[in-house]
Amino acid sequence: MSNPQDFDPILKELQQKYAAINQDTHTYLEGLLHSKPITYWDYIQTDALLNLQVQRTTLPDEMVFIGYHQINELLFKMILWEISQVSENDAITTEFFESKLMRISRYFDMLTTSFNIMREGMDVEQYMKFRSTLTPASGFQSAQYRLIEFASTELINLIDYRFRKDIDRNTSYTHAFEHLYWQAAGKDYHTGNKSILLINFEKRYKDEFLRFMEAHNTKNLWTKFKELPEADQKDEELVKAMRHYDYTVNVTWVMAHYNAAKHYIESGSGDGEATGGSDWKKYMHPKYQRRIFFPQLWSENELENWGTDL
């Protein structure tokens, strides 16, 4: 048992804490007296979490598909949490920057290796049956992944390379949004028509995306790096971490996703299209859109051959 005198310093610190926000310490202590001890299942919200997997078919492997994508979204949330700690830090050091980048890269490493769960963990015949119930939904519609991209680099680096010469910092966010690289997966630029995949996605998230794009226009990982003192921008460990993150997200993880999709779409008896009807090869393969967060950290040869030497 603890000696009551041992609590005196803690009580004083509590009084200082609540006095600083003009609150009565006694009220909070009284609340603690009547509160229940925390349990793992209450803290993690296990019951709520395990009730979020709702199948649309009777095919068992659909549960694998749902659970896997929900885990991805949880990891995306953790990645955004880490990025914000860099972008909101006004006194950042190279050590802190590097440590956060490598932490984020490890999350993407998990995402990359976990694609074996998708590739080897579902029966192709079952997938080709339940995938039709997903139409027109698609993993393309992961809003958090788009936020990760916006928070990682300057907007120009996410613009379809065919239109970059006509877009600059004076371009409206709405116009830039219409020319983001991933619009090519759901938009016919000859007719201007958008697929239902893209229409639904924009109806749900476009306003949020525009606000986020503006907020992170000068508050992303790339601009944060360029704001560092010149000597810090040459820090070998930080540059290595920047390059590692860039390649991990835009080549390694993308190719793991691409190969998993290819395994099912091309080996099944379907029509060769993704669930949302997107041109998945040109959208996903890095050699087509050449998604590069930190272009100035790569040589001309590396940029020229991005996503081709795989």
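A residue is counted as buried when its relative accessible area is under 20%. In the predicted model described here, buried residues by this criterion make up 43% of the 310 residues in the protein. Thr248 belongs to this group, because its relative accessibility is 4%.

The protein contains 17 helices and zero strands. Its C-alpha trace spans about 75 × 55 × 35 Å along the principal axes.

When neighbours within four places in sequence are set aside, the contacts of Thr248 are with Ser105, Phe108, Asp109 and Trp253. The C-alpha atoms of Thr248 and Thr112 are 8.6 Å apart in space, although 136 residues separate the two in sequence.

In soluble globular proteins, nonpolar side chains tend to be buried together. The largest nonpolar core of the present model comprises 75 residues. Within this core, the residues that touch the most other members are Phe97, Phe108, Phe150, Trp182 and Tyr245.

Helix α5 comprises residues 62-87 and helix α9 residues 143-152; their axes come within 9 Å and cross at roughly 20°. Angles under 35 degrees count as roughly parallel, and α5 is therefore roughly parallel to α9. The crossing of α5 past α9 is left-handed. On the side of α5, the contact is formed by Glu73, Phe76, Lys77, Ile79, Leu80 and Ile83. The residues contributed by α9 are Gln144, Tyr145, Leu147, Ile148, Ala151 and Ser152. By residue class, the contact of α5 with α9 consists of eight nonpolar, two polar and two charged residues.

Note on methods: Residues numbered from 1 in each chain as written. Predicted model: local features only at pLDDT ≥ 70, side-chain atom pairs only at ≥ 80, totals over all residues. Heavy atoms only, no water. Axes fitted to C-alpha atoms, helices over the stretch in contact; angles between N-to-C directions. Helix = DSSP H or I, 4+ residues; strand = E, 2+ residues; numbered from the N terminus. Parallel < 35°, antiparallel > 145°, perpendicular 65-115°, else oblique. Left-handed = near helix turned anticlockwise from the far one by under 90°. Contact = heavy atoms within 4.5 Å. Nonpolar A, V, L, I, M, F, W, Y, C, P; charged D, E, K, R; others polar. Core = buried A, V, L, I, M, F, W, Y, C linked by side-chain atoms within 4.5 Å. Buried < 20%, exposed > 50% of the residue type's maximum accessible area, 1.4 Å probe, protein only.
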